[in-house]
Amino acid sequence: MMRLSSIARISPIRIWQLFRDRLLEDGPTAGVGAAVVLALNLLSLLFFKRATFNAGSGQAWGAAIGLGGYLLAASAFKRMHDGKAGTEWILLPAEPVEKYLAALLEYALALPLLLGAAATGLSALLALAERAAGGPGSFAWTPAAAGGLGAWGRYAVGVCLFLAGSASFRKNAFLKTVGLIAAFGLAAMLVAGGGAWLLGRGSGHLSFGAANGTISIDGESLSEAARRAIELLFELSAYVLAPAFSILFGWAKVAEKEARDEVQ
Amino acid sequence: MIELRSMTFGYGKKALFEGLDLGLEPGSIYGLLGLNGAGKTSLLKIVAGALAPKAGSVEVFGRVPELREAACLADIAFVPEDPWVPALRPSAWLSRYACFRPAFDRDRFAALLGEFAIEEDKLLTKFSYGQRKKFALAAALASGARAVLLDEPTNGLDIPSKTQFRRVLAASASEDRIVVVSTHQVRDLESLIDPVLILDAGRVTFTLSSDTIAERLASARLASPDARAAVHAEADAVGWSALVPREGREGEAAADLELVFNAAVGQPERLAAALAGAALPPDPQAAGAGPAAAAAKGGRS
């Protein structure tokens, strides 16, 4: 049941308690992930005198943080779906909106900060080790190298989607959410393609000129205003509507979840 | 109080409860009895807020549990038959989860853990079923919740633990608290539960206080089921164990709650008549069947 009135009863203390509980639960998993990353880099350092994650522009660090965050977000409500643990989770005395906010705060905000800080430290240590091993050791990753706030914004949108997936799917929430995102992407492309076909009166295709920032239909560039409108529509859908809808949808799923799995 | 009005609930299209009305007052330990599948666990989960009714209303101390307001959930403690526990030691559990219940009594919790001989340096997930159950019972009874809902609390407890549980539960009852115990182990809790609610075919068919049972019913041993008009009789190794209307004679034994339950689900009209002090109606189960046939079925009246 969607209850806007519950927002009025939000307690920052309970959100903190829920947030802390999540952080303590996810700590060991994140630790294992960090250990795997470290091991991979040490191995490549040993054999190639290069820390593999520090190679190039260090995009691997950002990708690892993003993937780790998404995997954890996709399992955020795993306990809620469990036959036995679910009853306990549902009846834990906190508002459903607090439970959802705590998850959102952890996976969208705290986790990238903590993992970003850990990655910065690890990358710097590995750069030093590279130098000591006779390698280049010239690059150490920082969150700014991953794209700073813009990258975080895109990551946070993904977290919103994976949280909604976790609230909806009992099993394999990560893969099912990826599948759903791909299906939506495909549907959006079909709609755009269909629109271009209609605009081109049956012959055309829509092409986005990423290199020079143009959008053209049948090779004919759109006006600046039309181009800006399409971009705005895309940004509004991706950065406002999609996260807002997924947060509301996920929250409703959490608020409505019933312990039906183990009833005698 | 706990109040259900015209409550309807079911799984899929099958209705488990249809228009159920029930009112439970503080100051009592209610025993909820019913056959397997009668809906005892579902009813407790509905009251706790873990399941939502399809129609009607449920209120616990004036709040609607289905809405899952934190204050409402903190006022209800539900212990399932097989409680889940996290991979934490009791002290860590206390610091992580007790904080969600403002009225949680830490001293009482420590005392209950001691009473139940719970090992404090062991992960809860390493506990046996009985130990997990005792831990969950201790947490519920120390929670400060005014509605305590226990699903089969004595299942899995060893004999000393059952005695401890009875003692602890009796001490935890208070004027402002409602305790509801769903159980098949009637004899484990016979001395505690009062009144007894009998759930059958989606409704509470009988609400029996211990005084009513004591005033109206008695247990008797019969040589044959026809030796005396019985509400319900069951063959056992040495004859017949029967529930009979109390006649006020010297030495009449107290009614066995298990027989009362079996009568409530097997011969409800006869039990109702006995409770009303009226003549027992004919027993449809006995028609055309002799005592031997009835004995073969395991019970008759």
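This report walks through some features of chains A and B in a predicted model.

## Where the two chains meet

Let's start with the contact between the chains. Chain A puts in 24 residues, and chain B puts in 24 residues as well. On the chain A side, the elements that give two or more residues are α1 (12-48) and α4 (85-91). Of these, α4(A) gives the most, with five residues.

What kinds of residue does chain A bring to the side that touches chain B? They split into 11 nonpolar, nine charged and four polar.

## Two crossing helices in chain A

Staying in chain A, have a look at helix α2 (residues 59-74) and helix α5 (residues 96-132). Their axes come within 10 Å and cross at roughly 145 degrees, and the crossing is right-handed.

From α2(A), the residues making the contact are A:Trp61, A:Ile65, A:Gly68, A:Gly69, A:Leu72 and A:Ala73. Facing them from α5(A) are A:Tyr107, A:Leu111, A:Pro112, A:Leu115, A:Gly116, A:Ala119 and A:Ser123. Sorted by class, this contact has nine nonpolar and four polar residues, and no charged ones.

## A loop residue in chain A

A:Ala133 sits in the loop between α5 and α6 (148-168) of chain A. A:Ala133 has 14, so it counts as partly exposed.

What does A:Ala133 touch, leaving out residues up to four places away in sequence? The answer is A:Leu45 and A:Lys49. A:Phe48 is 85 residues away from A:Ala133 along the chain, yet their C-alpha atoms are separated by 9.6 Å.

## A helix with two sides in chain B

Over in chain B, helix α4 (residues 106-115) has three buried residues: B:Phe109, B:Leu112 and B:Leu113. They share one side of α4(B), because they cover an arc of only 100 degrees around the axis. On the other side of α4(B) you'll find B:Asp107 and B:Gly114, which are exposed.

So what do the buried residues of α4(B) pack against? Their partners are α3 (90-97), α5 (129-141) and α6 (159-172) of chain B. Just after α4(B) comes B:Ala117, with a positive phi of about 55 degrees.

## The three-stranded sheet in chain B

Chain B has an open sheet of three strands in the order β2-β1-β4, with antiparallel pairing. β2 (14-24) and β4 (55-60) stand at the edges with a single partner strand each, so one side of each has no neighbour in the sheet. From one strand to the next, the twist averages 30 degrees.

Strand β1 (residues 2-11) of chain B runs antiparallel to β4(B), and five bridges join them. If you want a spot to look at, B:Thr8 stands opposite B:Ala55 in β4(B).

Another open sheet in chain B has four strands, in the order β11-β12-β10-β13, and its pairing is antiparallel. Which strands are at its edges? They are β11 (232-236) and β13 (253-254), and each pairs on one side only.

Five bridges link β11(B) to strand β12 (residues 239-245) of chain B, its antiparallel partner. Here B:Ala233 stands opposite B:Ala242 in β12(B). Helix α9 (residues 257-266) of chain B lies across β10 (217-222), β11 and β12, and runs at about 120 degrees to β11(B).

Key: Residues are numbered from 1 along each chain as its sequence is written. Chains are lettered from A and ligands numbered from 1 in the order in which they are written. This is a predicted model: local features need pLDDT of at least 70, side-chain atom pairs count only at pLDDT 80 or more; totals for chains, interfaces and linings use all residues. A residue is buried if 20 or more other C-beta atoms lie within 10 Å of its own, exposed if 12 or fewer, and partly exposed in between; C-beta atoms are placed from the backbone. The arc is that of the directions from the helix axis to the C-beta atoms. Two residues are in contact if their C-beta atoms, placed from the backbone, lie within 7 Å. Ala, Val, Leu, Ile, Met, Phe, Trp, Tyr, Cys and Pro count as nonpolar, Asp, Glu, Lys and Arg as charged, and the others, Gly among them, as polar. Axes are lines fitted to C-alpha atoms, for helices over the stretch in contact, and angles run from 0 to 180 degrees between N-to-C directions. A crossing is left-handed if the near helix is turned anticlockwise from the far one by less than a right angle, and right-handed if clockwise. Two strands pair if DSSP finds at least two bridges between them.
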